[in-house]
Amino acid sequence: MRHGVARFVTGFLALPVALYLFYVVWPFAQAAGYSLTDWGGYSDRQQFVGLDNYVRLLSDELIRKAFWHNVFFLVTVPLFTIALALLLAFLLNVGGREDRAGIRGVFGSGLYKVIFFFPQVLSLVVIAVMWQQIYRADGQGLINGLLIKIGLVDADNPIAFTNDPEPFLGVPAVLWWLLLIAVWSGAGFYMVLFSAAMQSIPKDVYEAAILDGAGRFHTFFRITLPLLRDTVSVAWVYLGFIALDMFALVYVMTPSQGGPNHASEIFASVINFNAFQKGQFGYACAIAVSLAIFTILLAALQLRITRRERIEY
Amino acid sequence: MSVSPDLNRRTLLRRAAAAGLLVTPAAGLLSACAGSEPAKNDDTGGAKSKDNPFGVKDGSAVKVVVFNGGLGDQWAKEDMAIFKAKHPNITVNMSSTQKIKTEEQPKMATQPSDLVMNSGADSMDRSTLINEGAIEPLDDLLTAPAWDGEGTVADTLLPGTVSDGTQNGKFYVVNVAYTVWGNWYNAALFKREGWQAPTTWDEFFALAPKIKAKGMAPYVHDAVHGYYPRWALMAGIWKSAGKQAVVDIDNLKDNAWKADGVLKALEPWEKLVKDKLLLPGKLDHTQSQQAWLDGKAAFIQVGTWLKNEMSATIPPGFELTLSDYWSNPGDKAAKDVYAGSGEGFVVPSKAPNKEAAKEFLRAILSKAGSAKFAELTKSLASTKGSGDNVQDSALASANALMKNAGPDLISVKIWDFYADLDKESQNLSEELMAGRLTAQQFVDKMQAAADKVAKDSSIKKQTRTA
């Protein structure tokens, strides 16, 4: 390295690295430290208890329940969001008629792009509050009101939505209703992400395929999807993070933040309960640390599995 | 007590961060509450006198945080004026919020406010505060002279206020409001229809078909917040099985939930659900209260803050009237009323100006302060005679109910004592109201949950004697 460059680089990096260490890495370490204590959160008294919190965590029924609910979201949120986003992106970019001008999206795709992206500009809480009105569990709710009017739902037995613990395909109904919101609010962003990626695929590849007689189905599965592999894989990891969170929706939309009767309990709601209601910050930190480890492992695994040679156009 | 769990984005994000959003789990916020130097308390103080029993130092400042929920915060500003009239040289920094826990908890271990109204859905767990030594015992406030009356502060309080604020033999929480719970109905409607307000479950079940015939549901409930139906269930258990049964439940005594009368108190609720006497739909507290005001249901059970909370949408001619929870023949304490003090103030142990905080409490509990409280909130204050000069039908029916009350006030501690049982009892109450549990299953599951807490060594045990 030329003389002075090292100093130059260090000068630029020192401050951000220091900030990062202090505000991100240090709290991380502190949380790990607290997870080995019985700290209650309201005083400066704490006792070292070793790995007790972690041992306790393994036999906590609530955590087991929360774990499976998070696993449900982990599978479904990325799957449905990516599927929907891919479909929309495909239709908006290459799904339309092909004519002399080349490949294009369906009619009015510019407008659709704005509409589908719209949920992304709303804060999650706004979304949750809005859906509370849509999901309102009597005749005044948007969905219930409509379905009761056209006679599909009995006025004496309206859909309970997020107040419904009855299993559907083995999973409490409340989770499916939350999933719908998560997919609705997330699909727009990934649609834009995939659109950008699709636009970087050269048009002549498509034109060649069409000349060879490939229909939309084949163009999508044989050309678009394989060439989007990298983007989809990144999206999968991001959506995995979102699926392991889901706190805002559960907190705002479900009865007693994880109900009814624990039917929508997730890691974050269990952490919230232990730290802020039960006053067991040490134990809550242990759950948070476990969740962090779980997340990192998952992301590593995910990126490992999907790693492949890059295709250069 | 009367608070909708509403949210704003900032709080939610903060809460989300605290609860461990993946990338930076709990850590960020947790570290903010990490222990450090305790605030230095300079104990020089001012001279003590009858007008200044705690020796508040002239020229000092006191920070007061008020919960701005169903009762608003105007009454607290009136108290501030009363305080300033006696202590013009003490600066009062008053702020009001709905997010008590979110804003105050992180400061508790280092630099807390002097006086905090720990109330609402976002309040700090009381047992934790006490177990961690985070709040100050206030027994000297009780023995201090009253602000503008005869005797001590304790003499001015309504029955139950001292014991409601007492834990482990010390007085920690100063409740300023007094609430009466029961079944509400519209007296004007009942008069028009010639219906008699029931006092027993049998009378209710006899009246229910007549109400249904008018196209009205006999009962509506909050299906979202489990602590709403729980008030009614626990009041029923007290009436049916007697005070000792509830004391045993609170003390986690073996088979307390299996005591005589507990099941009997819950069976009418099971029947009410099974007979489809509830308004269909899963409404929350304000939605269900509005449905009741709209005449969709005849009865709703809730506390006396109802009128203040719904004041904007009460139809003209609607006479909100409170009646006692219904009882069964053979109940052990049918006349006992569910009433008690609520909206509690606490003084953090590390508050820099505890003397002024206690002095401010004395002003809140003054005659002038409590009268303003009742006038502005249409709720009783926890001091005697606060509502004497307020004209209001809802308040009058609550007063009448208190006059005919039995010897004991119904009070339940279990949800203050144990967060686990708080959550479990809320969940199971809603399950019972949704018809997914029978009364018997409710009892069995509560017993199992109580046994689990009793065995859990990480949970500090509490006891109540009265």
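How many helices and strands make up the secondary structure of chain B? In this predicted model, chain B contains 21 helices and 12 strands.

The overall dimensions of chain B come next. Its C-alpha trace extends over about 70 × 50 × 45 Å along the principal axes. A compact globule of 466 residues would have a radius of gyration near 23 Å, and chain B, with 23 Å, therefore agrees with that expectation. Of the 466 residues in chain B, 53% are buried. The contacts within chain B may also be considered by sequence separation: among those between residues at least 6 apart in sequence, 75% join residues at least 24 apart.

Attention now turns to chain A, where two helices meet. Helix H4 of chain A comprises residues 109–121, and helix H7 of chain A comprises residues 173–199. The axes of these two helices come within 7 Å and cross at roughly 120°. An angle from 65 to 115 degrees would count as roughly perpendicular, and one over 145 as roughly antiparallel; H4(A) and H7(A) are therefore oblique to each other. The crossing in which H4(A) passes H7(A) is left-handed.

Which residues form this meeting place of H4(A) and H7(A)? From H4(A) come A:Phe116, A:Phe117, A:Phe118, A:Pro119 and A:Gln120. On the side of H7(A), they meet A:Trp184, A:Ser185, A:Ala187, A:Gly188, A:Phe189, A:Met191 and A:Val192. Sorted by class, the contact of H4(A) with H7(A) has 9 nonpolar residues, 3 polar residues and no charged residues.

Notes: Residues are numbered from 1 along each chain as its sequence is written. Chains are lettered from A and ligands numbered from 1 in the order in which they are written. This is a predicted model: local features need pLDDT of at least 70, side-chain atom pairs count only at pLDDT 80 or more; totals for chains, interfaces and linings use all residues. Axes are lines fitted to C-alpha atoms, for helices over the stretch in contact, and angles run from 0 to 180 degrees between N-to-C directions. Helices (H or I, at least four residues) and strands (E, at least two) are DSSP runs, numbered from the N terminus. Angles under 35 degrees count as roughly parallel, over 145 as roughly antiparallel, 65 to 115 as roughly perpendicular and the rest as oblique. A crossing is left-handed if the near helix is turned anticlockwise from the far one by less than a right angle, and right-handed if clockwise. Two residues are in contact if their C-beta atoms, placed from the backbone, lie within 7 Å. Ala, Val, Leu, Ile, Met, Phe, Trp, Tyr, Cys and Pro count as nonpolar, Asp, Glu, Lys and Arg as charged, and the others, Gly among them, as polar. The radius of gyration is taken over C-alpha atoms; the globule rule is 2.2 Å times the number of residues to the power 0.38. A residue is buried if 20 or more other C-beta atoms lie within 10 Å of its own, exposed if 12 or fewer, and partly exposed in between; C-beta atoms are placed from the backbone.
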